[in-house]
Amino acid sequence: MLFNSFDFLLFFPIVCILFFLSPHKYRWLILLLASCYFYMYFIPVYIFILAGTIVVDYFAGILIEKSKGKERKYYLIISLISNILVLAVFKYYNFILDNLTAILESVGLHNHLSYLSILLPVGLSFHTFQAMSYTIEVYRGNQKAEKHFGIYALYVMFFPQLVAGPIERPQNVIHQFHKKINFNLSNFAKGSKLMLWGFFIKVVVADRLSVYVNAVYSNVDHHSGITLLLATLFFSIQIYCDFAGYSYIAIGSAKILGFDLMTNFNRPYFAKSISEFWKRWHISLSTWFRDYLYFPLGGNKVAKYRWYFNLFIVFLVSGIWHGANWTFVIWGALNGFYLIFAIVTQRYRNVINNFLGLNKNKYVFSFIQIITTFLLSSFAWIFFRANNVNDAFTIIHKISMGLTSDLFVKFDVFFAVLIGLSILFLKEIREEYFTNKFEFIRNPSLRVLVFSTLIILILLLGVFDSGQFIYFQF
């Protein structure tokens with residue numbers, strides 16, 4: 001089920017009413033059944049895949065906790081392999097087969113293996129990583145094995161963040177499912193505000209921008225450099241509003257039910273470096289890779305060349321995690337290169353900045369850093385969004401050749417986009433730089449006016465074609 005659908009607007013209030021009216025001992029069941037219904041709304045039969053991994057990881061957690069020595073590691077490995085195997089089969093099998101076929105044909109051989117005619121289960125990478133974090137944390141001793149099968153299943157399947165995160169750690173969430181929760185008006189107000197903002201940036205900003213971006217990126221050969229540049233910059237905003245919008249709705253809906261989920265975005269386009277960008281973007285995934293891949297590889301507590309290797313591997317795997325396409329591999333590798341290049345050139349850049357006097361005015365210098373980081377990330381997004389590698393290089397070539405051609409413009413789309421972007425930028429600037437300012441905004445009457453305006457703009461300018469969230473494909 002999509003958040004931006006009328007079905008969800010009916011589904012969620014019903015779940016809330018049943019949840020708060022039910023006795024505490026049955027509430028986990030209400031949420032689990034609701035989560036199953038939510039997930040089965042896409043492809044019902046795939047619930048059995050999810051159920052299979054839940055059973056394996058549930059017993060693996062118990063066995064890890066009971067066992068000692070190497071036996072604990074064996075159970076962890078079995079759990080991890082079972083999860084990775086499901087991910088590999090459904091997400092990467094055909095991609096691997098494509099590349100194997102190309103290699104074999106280059107030396108005159110033929111591949112006789114058959115392709116799988118299957119659709120990728122929605123949100124597979126998200127709930128797989130969440131399940132893996134459970135057994136890893138039990139193995140590390142940071143989380144006790146959950147004996148209540150229903151509660152563990154709910155941890156993996158909790159519908160607000162089931163298909164696109166945030167990817168939660170068990171120690172942050174599981175204990176919340178055991179607590180008795182009463183309806184709280186403050187939680188309702190905070191959650192509703194988050195959901196409203198999430199809906200606004202999704203259907204008014206992201207989905208409006210997607211009209212332009214999809215038209216251009218679907219036919220790159222027939223568009224000019226300036227049009228491709230604008231579409232690329234628009235996509236940078238689109239993917240942020242699309243994914244952050246989902247996160248706001250997920251966190252807000254969980255908040256109304258009385259559960260706290262982690263913050264997943266922290267205004268990433270105000271970052272002054274690529275390193276800072278990744279501390280602000282998709283925080284639950286960035287910290288997942290940090291804790292379960294980067295640190296085990298040695299992090300930065302190793303020789304310098306190995307540190308660079310660790311950073312590059314993490315971003316390369318992150319690219320592969322996002323999709324079975326060479327465009328994602330290049331996107332991940334490019335971000336890894338950005339980070340390593342920034343570290344290697346830090347001293348030289350400081351010398352140049354001092355010589356030119358760029359850092360004498362901290363506001364100007366910060367602005368230059370923010371714009372540079374935004375442009376670097378936007379360049380990388382070309383590979384993320386392009387249909388294939390050839391399209392990506394065509395886009396880069398056309399942009400580099402000049403921006404003098406006619407601009408492909410649809411003024412009706414631009415009008416809605418302009419309003420949405422203006423509100424987005426004003427809100428983000430206020431939260432980034434003026435958190436304790438503009439106290440008049442706390443006036444109840446003005447707040448009602450602001451929220452009412454957002455609702456009206458959603459109804460007037462929103463795209464209600466149930467456009468899927470970009471990260472559902474991952």
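**Notes on helix packing and aromatic pairs**

1. The crossing between α12 and α13 is right-handed, and it should be read with the reminder that this is a predicted model. The axes of α12 (residues 304-322) and α13 (residues 326-344) come within 7 Å and cross at roughly 155°; because angles over 145 degrees count as roughly antiparallel, α12 is roughly antiparallel to α13.

2. On the α12 side, the residues that meet α13 include Trp-307, Tyr-308, Leu-311, Phe-312, Phe-315 and Leu-316, while among their counterparts in α13 are Phe-328, Val-329, Trp-331, Phe-337, Leu-339 and Ile-340. By residue type, this contact of α12 with α13 divides into 16 nonpolar and six polar residues, with no charged ones.

3. The structure holds 63 aromatic pairs, of which Trp-278 with Phe-315 is one: the ring centres are 5.7 Å apart and the planes lie at 70°, so the pair is edge-to-face. This pair links distant parts of the chain, since Trp-278 belongs to helix α10 (residues 274-280) and Phe-315 to helix α12, 37 residues apart. Both Trp-278 and Phe-315 are buried.

4. A further pair is formed by Tyr-294 and Phe-295, whose ring centres are 5.8 Å apart and whose planes are at 40°, so that the pair is tilted. As for accessibility, Tyr-294 is buried, with a relative accessible area of 13%, whereas Phe-295, at 48% relative accessibility, counts as partly exposed.

Terms used:
Residues numbered from 1 in each chain as written. Predicted model: local features only at pLDDT ≥ 70, side-chain atom pairs only at ≥ 80, totals over all residues. Heavy atoms only, no water. Axes fitted to C-alpha atoms, helices over the stretch in contact; angles between N-to-C directions. Helix = DSSP H or I, 4+ residues; strand = E, 2+ residues; numbered from the N terminus. Parallel < 35°, antiparallel > 145°, perpendicular 65-115°, else oblique. Left-handed = near helix turned anticlockwise from the far one by under 90°. Contact = heavy atoms within 4.5 Å. Nonpolar A, V, L, I, M, F, W, Y, C, P; charged D, E, K, R; others polar. Phe/Tyr/Trp six-rings, centres within 6.5 Å; stacked < 30°, edge-to-face > 60°. Buried < 20%, exposed > 50% of the residue type's maximum accessible area, 1.4 Å probe, protein only.
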